Amino acid sequence: MDYEIDPIDRRIIAALQRDASMSIDRLSEEVHLSRNACWRRVKLMEEAGIITGRVALVDAEKLGYGLSVMILVRTSHHEPEWLKAFRDAVLSIPEIHGVYRMSGDLDYVLRARVPDVKGYDRLYQRLIAKVPLSDVSASFVMEEIKETMLLPPIVR
């Protein structure tokens with residue numbers, strides 16, 4: 001579905017990025033649009049794949065996942081079968097919450113949350129048991145200065 005985003009849609013997106021739990025009534029007040037028109041726009045943006053979901057952000061440390069890890073992966077395998085095995089492996093490990101195929105020296109960067117260093121080692125052992133990797137290194141996050149899912153305002 002082709003959907004043209006206009007300034008009102010941009011305001012709706014910005015408001016929902018700040019608080020996806022707000023009621024349609026509150027959202028319509030915030031963007032100065034009638035309740036029904038606001039609801040229709042949200043539904044159209046969902047159908048067009050612009051709004052892809054809504055989540056609750058949680059404190060990972062309070063849930064026992066206090067260590068954030070960046071896992072750097074190099075591989076000498078690039079065959080379709082290996083790529084499928086790698087994709088299946090990273091998708092099957094719930095502690096891995098971001099996987100990025102890279103240009104340059106690294107092949108992949110993975111973001112993960114684990115309880116501690118032992119938790120990372122367990123994740124590492126599961127990963128290498130599922131797919132052969134040439135080189136894996138990890139960097140542990142010492143301080144999270146900024147972490148957000150908010151996109152900057154849409155400009156045209």
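Let me start with one group of side chains: Trp 82, Phe 86 and Tyr 108 form one aromatic cluster. Please keep in mind that this is a predicted model, in which local features need pLDDT of at least 70 and side-chain atom pairs count only at pLDDT 80 or more, while totals for chains, interfaces and linings use all residues. Residues are numbered from 1 along each chain as its sequence is written, and side-chain values use heavy atoms, with hydrogens and water left out.

A pair of aromatic rings is described by the distance of the centres and the angle of the planes. Rings of Phe, Tyr and Trp (for Trp, its six-membered ring) pair if their centres lie within 6.5 Å, and planes under 30 degrees apart count as stacked, over 60 as edge-to-face and the rest as tilted. How many aromatic pairs does the structure hold? There are five, and one of them is the tilted pair of Trp 82 and Tyr 108, with 6.2 Å from centre to centre and 40° between the planes. Because Trp 82 lies in helix 4 (residues 80-92) and Tyr 108 in strand 3 (residues 108-114), this pair ties together parts that are 26 residues apart in sequence. Helices here (H or I, at least four residues) and strands (E, at least two) are DSSP runs, numbered from the N terminus. Both Trp 82 and Tyr 108 are buried, where buried means under 20% relative accessible area, exposed over 50%, and partly exposed in between, with a 1.4 Å probe and protein chains only.

A further tilted pair is made by Tyr 120 and Tyr 124, at 6.3 Å centre to centre and 35° between the planes. These two tyrosines both lie in helix 5 (residues 117-130), four residues apart, which is about one turn of the helix. Tyr 120 is buried, with a relative accessible area of 10%, whereas Tyr 124 is partly exposed, at 26%.

Four strands form an open sheet in the order 2-3-1-4, with antiparallel pairing, and two strands pair if DSSP finds at least two bridges between them. Which strands are at the edges? They are strand 2 (96-101) and strand 4 (135-140), each of which pairs on one side only. On average, and with direction ignored, neighbouring strands of this sheet are turned by 20° against each other. Axes are lines fitted to C-alpha atoms, for helices over the stretch in contact, and angles run from 0 to 180 degrees between N-to-C directions. Strand 1 (residues 67-74) and strand 3 run antiparallel and are joined by seven bridges; within strand 3, Arg 111 is the bridge partner of Met 70. Helix 4, which carries Trp 82, packs on the sheet and touches strand 2 and strand 3, and its direction makes about 20° with that of strand 3; contact means heavy atoms within 4.5 Å.

Finally, two places in the loops. His 32 is found in the loop between helix 2 (24-31) and helix 3 (35-47), and its phi is near 60°, a positive value in a residue other than glycine. Is His 32 buried or exposed? His 32 is exposed, with a relative accessible area of 68%. Gly 49 is found in the loop between helix 3 and strand 1 and is partly exposed, with a relative accessible area of 41%. The C-alpha atoms of Gly 49 and Tyr 3 are separated by 9.2 Å, although these residues are 46 residues apart along the chain.
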